[in-house]
Amino acid sequence: MIDHSRRAAVTSLGLCLLASQRWARGAPAGGPDHDPAGSAPFARALRRPGASGLLAQLRLAQPVELTARVDTLPVFSGRATNVWNFATTIDGKHAHDPLLIARRGQRVEATLVNRIGQDTTIHWHGLGNDEANDGSGLHPVRHGERYRYAYEVRNRAGLYWYHAHPHFHTGEQIHHGLASLLLVEDDEELALRERLGIPWGERDIPLLLADKQLGRNNEIAYKAGADDWIGNRVLVNWTPEPHLDVDRAAYRLRVANVSNARMFKLAFVHGTTLLGHHLLGTDGGLLERPLALTQLYLAPAQRADLLLDLSSLRTGDVVRVRSLAYDPMENDAAAAGEDPMLEHPGAAPMGARMDLMELRVTANRPARTALPSSIAAPLPAMAAKPAATRTFRIRISDRGRWMINDWNFLLAPHAHAPAFTVRRGDHEVWELVNEFRSMPHPIHLHGFPFRVVDRRNSPSQLRALVVASHGRTAQDLGLLDTVVVWPGERVRIAIDFAQPYTGTQTYMLHCHNLEHEDQGMMVAFAVVD
């Protein structure tokens, strides 16, 4: 059950917390005790995908075995941390939560071995797999068991990710570390990479953002049943308060938010100036054309492919990767209660300004990149006449349960049974309607990418980012698997349910605020012949 006395305190006290002196100054994201070992902020070099350790890089050219287990790893200064991770070996070296790389059209074979003492899965987030290979909680893998995922990568190139997805324990397992990145490549992506002249791993860099609630002994803490689990440390590629030494050149940054609940409002700040940059792609890969912007919201599960040109800066300049302050619009409280931050000691409140990392111009090796006006083939047009239009109302019940229409997974007597069916090959429009007495919800669809048709009744802070007709932001113009629906907002999405599978395939629609998902804000549906 959601404790709304805590949420209520956000409503009545949140602005005061948001204006606190530390966070108003844009302090590092570590919280008041961000540095248990006494080192300076941004003292650590950003971890990049390597040959071993956390975020090791592994091409899926052959079958791989990933063991979900707990390892003690040196993440923070001082005592090592118990990290739940997907472990494997690469050329005889230990690897934890590896960044996986696959080609479109390639067959992936990955065996999950469960050693964490709970049911778990691997959900291949964003991929259009059949039900057996989707990795949802419909097919849990028990402790001590093995499960073989085998599928063909059918998605466009882009940054996807994989993570644990057991019913009612997803938030706990991801917060403890069971999540990492999956990079899909294809001919179109490789051609763009060559045209830009930005080599992967050098100036084309993934940034995995995740906040963690860290205790005094460097343990990652989690409280089951809490709402909006936010952390007092923000890690980038498992690096606390990192810096990246950069040239005077263009950088391609593939950003993924794998936090449980925290939404970021990303910007690049040089002094008091927001640096312009370009959005190249979204959850489901490249846009047809790069879009100029200075900031964007990145909710849990969303990804953004960004091009940042630093060629006009000087050696010695510093750029902060910052989450700008925004109104979190947590409107679902009725009356004030206890301080909501008691569950999250040292954490910046939702919507607070936070500095995530530094980019330091340390080398005078200027390189200019010509950004083409077209970077990918146009996305398929949305169907003029969808086969069906469905409405999904997001609301909170009188008993404090988050609901999608009248469904809540915890309350359904036969939760695994599909609540509705979709005809394979049909095009549908789904209308997501969020009540005003609510909060922003990142809604994730399994199995199928979608496009945003329009937004209505958007809050002013989102309307300020509109770049296209029908209230759409830059992110709304790409292929998505997760979309944020703000309080009072109505968002329509277009979905093509074509797939090469037969028979009944069951998928999930849910909120990717993981505590909401675990508390039942999820519904099963089936695609049928």
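Reader: Which residues make the nonpolar surface patch of about 270 Å²?

Author: In this predicted model, that patch is made by Phe168, Leu410 and Leu411. Phenylalanine 168 belongs to the loop that runs between strand 11 (158-163) and helix 4 (170-175).

Reader: Why is phenylalanine 168 called partly exposed?

Author: Its relative accessibility is 37%, and the term "partly exposed" covers what lies between the limit for buried, under 20%, and the limit for exposed, over 50%. Because 37% falls in that range, phenylalanine 168 counts as partly exposed.

Reader: Why are strand 3 and strand 9 called edge strands?

Author: They belong to an open sheet of five strands with the order 3-7-12-11-9 and mixed pairing. Strand 3 (57-59) and strand 9 (123-125) are the edge strands of this sheet, each pairing on one side only. The neighbouring strands of the sheet are turned against each other by 25° on average, with direction ignored. Strand 9 pairs with strand 11 in the antiparallel sense over three bridges, and in this pairing histidine 123 stands opposite histidine 163 in strand 11.

Reader: How do you know that threonine 81 counts as buried?

Author: Threonine 81, which is found in strand 5 (residues 81-90), has a relative accessibility of 0%, and since buried means under 20%, threonine 81 counts as buried. Leaving aside residues up to four places away in sequence, threonine 81 touches Asp71, Thr72, Leu73, Val75, Phe76, Asn218 and Ile220.

Reader: What makes the contact of aspartate 186 with arginine 104 a salt bridge?

Author: The closest N and O atoms of aspartate 186 and arginine 104 are 3.8 Å apart, and the definition asks for a side-chain nitrogen of Lys or Arg within 4 Å of a carboxyl oxygen of Asp or Glu, so the pair qualifies. The pair links distant parts of the chain, 82 residues apart: aspartate 186 is in the loop between strand 12 (179-185) and helix 5 (187-196), and arginine 104 is in the loop between strand 7 (99-103) and strand 8 (107-114). Aspartate 186 is buried, with a relative accessible area of 8%, whereas arginine 104 counts as partly exposed at 44%.

Reader: Why does the salt bridge of aspartate 305 and arginine 252 tie together parts that are apart in sequence?

Author: The two side chains meet at 2.7 Å, N to O. Aspartate 305 lies in strand 23 (residues 303-309) and arginine 252 in strand 17 (residues 250-257), so the pair joins parts that are 53 residues apart in sequence. Aspartate 305 has a relative accessible area of 9% and arginine 252 one of 1%, and because buried means under 20%, both residues are called buried.

Terms used:
Residues numbered from 1 in each chain as written. Predicted model: local features only at pLDDT ≥ 70, side-chain atom pairs only at ≥ 80, totals over all residues. Heavy atoms only, no water. Patch = residues over 30% accessible without salt bridge, like charges linked within 9 Å, V, L, I, M, F, W, Y side chains within 5 Å. Areas by Shrake-Rupley, 256 points an atom, 1.4 Å probe, with all protein chains shown as cover. Helix = DSSP H or I, 4+ residues; strand = E, 2+ residues; numbered from the N terminus. Buried < 20%, exposed > 50% of the residue type's maximum accessible area, 1.4 Å probe, protein only. Pairing = 2+ DSSP bridges. Axes fitted to C-alpha atoms, helices over the stretch in contact; angles between N-to-C directions. Contact = heavy atoms within 4.5 Å.
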